[in-house]
Amino acid sequence: MKRSRMALVLFATAGALALVFTSATLGGTTKKAASPYKVALVLVGPHNDGGWSQAHYDALQYVQKTLGSKVQTTYKENIAVGAQFNQTVASLVAQGYNMIWATSYGMLTKALAAKYPKVIFEQATGTDLSKNLGEYFGRAEDTVFLSGMAAGAASKTGKIGYVVAFPIPEVIRHANAFALGAQLTHPGATVRLVWTNSWFDPAKEKKAAQSLVAAGVDVLGQNVDSPATGQFAESVKVPWVGYDSDSSTFAPKSWVTASVYNWGPFMVKQIKAGMAGTWKSSFYYGSINDGFTKLAAYGPGVKPLTKAKIALYEKKIEKGSFYEFTGPLYDQTGKLRVAKGVKMQVLTGGTNSLYGMNWLVKGVIGSAKG
């Protein structure tokens with residue numbers, strides 16, 4: 001799975017919001033590495049999944065294009081957490097790779113990183129930090145909220161379906177953000193969840209989408225990695241909101257938009273630091289402001305008024321005058337979870353931090369336990 005939590009330090013830079021925890025410069029990398037600098041990407045799914053793994057693969061292509069002959073890149077796909085990942089790392093280290101990027105929570109551990117002290121590791125979505133292990137993720141809850149606004153506006157009935165992977169804080173907060181966005185443009189809207197318990201399983205995702213449409217939803221969204229939900233949506237002429245990548249080619253008529261990640265610039269920055277011997281362990285949480293997370297292009301059915309309203313809220317989020325997880329927020333049972341005016345934090349610990357979220361907001365149909 002992809003996520004966890006940890007208390008870190010929050011700071012703002014000239015329009016960019018990030019969480020950073022730093023340690024000493026990685027030992028053994030104070031001298032410039034020999035050229036080309038070898039960078040490997042380990043993917044949890046196929047590189048062309050149309051979602052999470054493809055977004056990382058595209059970032060690796062950006063790295064190669066930007067740094068050219070200064071780097072040598074490779075990728076490994078469909079690598080499971082555990083023994084397979086450990087064996088993959090061992091093989092890459094033996095081949096002389098200087099930096100290895102793991103793209104799913106739980107792949108890397110401090111113990112594994114410590115086994116190869118001269119190698120730099122970066123892991124998506126985790127929080128474990130050590131001398132040669134850094135973590136990174138993006139504040140996608142903001143753009144998922146905006147994509148939820150598009151879903152709400154596209155729905156005639158206010159009944160929206162959401163295909164989700166694992167019942168972990170990351171997916172729960174995204175489902176909540178999606179629902180809050182939908183309720184903004186369609187008051188009273190509900191979001192029905194179906195769990196697949198997999199990041200990438202097109203067959204399960206299609207069945208989940210089928211069951212949601214059978215239950216009466218007229219818009220589909222997702223927090224899984226393949227475009228199967230969208231392909232089914234296209235077949236039954238239902239609007240579809242994607243996630244991770246711009247997958248509009250899979251459902252050009254049903255496509256609405258998606259919250260997507262722009263991993264490339266951050267990867268280049270960290271790789272340059274590794275090459276220069278200045279890399280430091282850090283937890284990075286990118287935002288709309290620094291272009292780390294954004295909305296994909298709109299589909300043909302999105303109305304100008306909807307685009308304008310979303311643009312308005314995107315600007316508010318950028319300026320800090322609006323935050324979707326500001327109270328009052330109620331859970332499914334009607335219990336007040338976040339008091340009026342209180343803003344949820346990312347890594348403060350407990351169930352009222354985004355990285356510890358284990359409850360669903362009012363209007364979400366389904367269980368937070370999967």
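Predicted model: local features only at pLDDT ≥ 70, side-chain atom pairs only at ≥ 80, totals over all residues.
**A friendly note on the cores and salt bridges**

1. Another salt bridge joins Glu141 to Arg173, with 3.5 Å between the closest N and O atoms. This pair connects distant parts of the chain, since Glu141 sits in helix H4 (residues 140–154) and Arg173 in helix H5, 32 residues apart. Glu141 counts as buried because its relative accessibility is 0%, and Arg173 is buried too, with a relative accessible area of 0%.

2. Asp331 and Arg337 also form a salt bridge, their closest N and O atoms being 3.0 Å apart. Here Asp331 counts as buried, at 5% relative accessibility, whereas Arg337 counts as partly exposed, at 25%. In total, the structure holds four salt bridges.

3. Now to the nonpolar residues. The largest nonpolar core has 98 residues, and those with the most contacts inside it are Trp101, Leu146, Leu193, Trp263, Ile271, Phe325 and Met344. Helix H5 (residues 169–185) gives the most to this core, contributing eight residues. Another core, of 17 residues, lies apart from it and includes Val42, Ile79, Val119 and Phe121.

4. Ile271 is worth a look in the viewer. Leaving aside residues up to four places away in sequence, Ile271 touches Tyr37, Val39, Val63, Leu67, Val71, Met99 and Trp101. One of these partners, Trp101, is, like Ile271, listed among the residues with the most contacts inside the largest core.

Note on methods. Residues numbered from 1 in each chain as written. Heavy atoms only, no water. Core = buried A, V, L, I, M, F, W, Y, C linked by side-chain atoms within 4.5 Å. Buried < 20%, exposed > 50% of the residue type's maximum accessible area, 1.4 Å probe, protein only. Helix = DSSP H or I, 4+ residues; strand = E, 2+ residues; numbered from the N terminus. Contact = heavy atoms within 4.5 Å. Salt bridge = Lys/Arg side-chain N within 4 Å of Asp/Glu carboxyl O.
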